[in-house]
Amino acid sequence: MRSRASNLLFGPEFKLRNHTRATPFAHALAGVAHVTTDFKTDSAAFAFSDQHSRTGAALALGGGVDVRMIKHVSLRVVVDCMQSFLSGEAPSGQTLPTRQNYLRGMLGVAIH
């Protein structure tokens, strides 16, 4: 089984500017979430393959810190509490959950 999730989120970011290398920030993001799941089994007696995808609204509230490495480049650490609202029905006819809650962490580079 393989599952992929993609998010496209937009929103304001509020930074607490100071005179140190670390700049904390908070953000409130809204947008779209898309999840695709592939299931495949191969054996001599039984072979089955199925794909299911869902799309819906997504929200993320969180923040983090930018740590300046050089003049215009910072190391960025982010933690979000994210919700996605993906409704749908499984191929078996079973109703799938409409709301997913999870904690998301990211580490990256910010160029500013």
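Which strands each supply at least two residues of the nonpolar patch? In this predicted model, they are strand S4 (47-70) and strand S5 (73-85), strands being DSSP runs of E of at least two residues, numbered from the N terminus. Because the model is predicted, local features need pLDDT of at least 70 and side-chain atom pairs count only at pLDDT 80 or more, whereas totals for chains, interfaces and linings use all residues. Residues are numbered from 1 along each chain as its sequence is written, and side-chain values use heavy atoms, with hydrogens and water left out.

The patch itself covers about 480 Å² of surface and is made by Met-69, Ile-70, Leu-75, Val-77 and Leu-107. Patches are made of residues with over 30% relative accessible area and no salt bridge, nonpolar side chains (Val, Leu, Ile, Met, Phe, Trp, Tyr) being joined within 5 Å and like charges within 9 Å; accessible areas come from the Shrake-Rupley method with a 1.4 Å probe, and for residues only the protein chains shown count as cover. Leaving out residues up to four places away in sequence, Leu-75 touches Val-65, Asp-66, Val-67, Met-69, Leu-107 and Gly-108, where contact means heavy atoms within 4.5 Å. The C-alpha atoms of Leu-75 and Val-109 are 4.8 Å apart in space, although these two residues are 34 residues apart in sequence.

When residues up to four places away in sequence are not counted, Met-82 touches Asn-7, Leu-9, Ala-58, Leu-59, Ala-60, Gln-100, Asn-101, Tyr-102 and Arg-104. With its neighbours within four places in sequence left aside, Ser-84 is in contact with Ala-33, Ala-57, Ala-58, Thr-98, Arg-99, Gln-100 and Tyr-102. Between C-alpha atoms, Met-82 and Asp-38 are 23 Å apart in space and 44 residues apart in sequence, while Ser-84 and Ala-110, 26 residues apart along the chain, are separated by 25 Å.

Side chains of opposite charge can pair when their charged atoms come close. A search of the whole structure finds five salt bridges, each defined as a side-chain nitrogen of Lys or Arg within 4 Å of a carboxyl oxygen of Asp or Glu. In one of them, the side chains of Arg-4 and Asp-38 meet at 3.2 Å, N to O; since Arg-4 lies in strand S1 (residues 2-10) and Asp-38 in strand S3 (residues 22-42), the pair ties together parts that are 34 residues apart in sequence. Both partners count as partly exposed, Arg-4 at 34% relative accessibility and Asp-38 at 21%.

Asp-66 takes part in salt bridges with Lys-15 and with Arg-76. The side chains of Asp-66 and Lys-15 meet at 3.1 Å, N to O, and this pair links distant parts of the chain, with Asp-66 in strand S4 and Lys-15 in strand S2 (residues 13-15), 51 residues apart. Asp-66 is buried, with a relative accessible area of 3%, whereas Lys-15 is partly exposed, with a relative accessible area of 29%. The side chains of Asp-66 and Arg-76 meet at 2.7 Å, N to O; Asp-66 lies in strand S4 and Arg-76 in strand S5, so the pair ties together parts that are 10 residues apart in sequence. Glu-13, Lys-15, Asp-66 and Arg-76 are linked in a network of salt bridges.

Arg-76 also has an aromatic neighbour, as its charged end sits over the ring of Phe-25, 4.3 Å from the ring centre (the criterion being NZ of Lys or CZ of Arg within 6 Å of the ring centre and within 35 degrees of the ring normal).

Technical notes
Helices (H or I, at least four residues) and strands (E, at least two) are DSSP runs, numbered from the N terminus. Buried means under 20% relative accessible area, exposed over 50%, partly exposed in between (1.4 Å probe, protein chains only).
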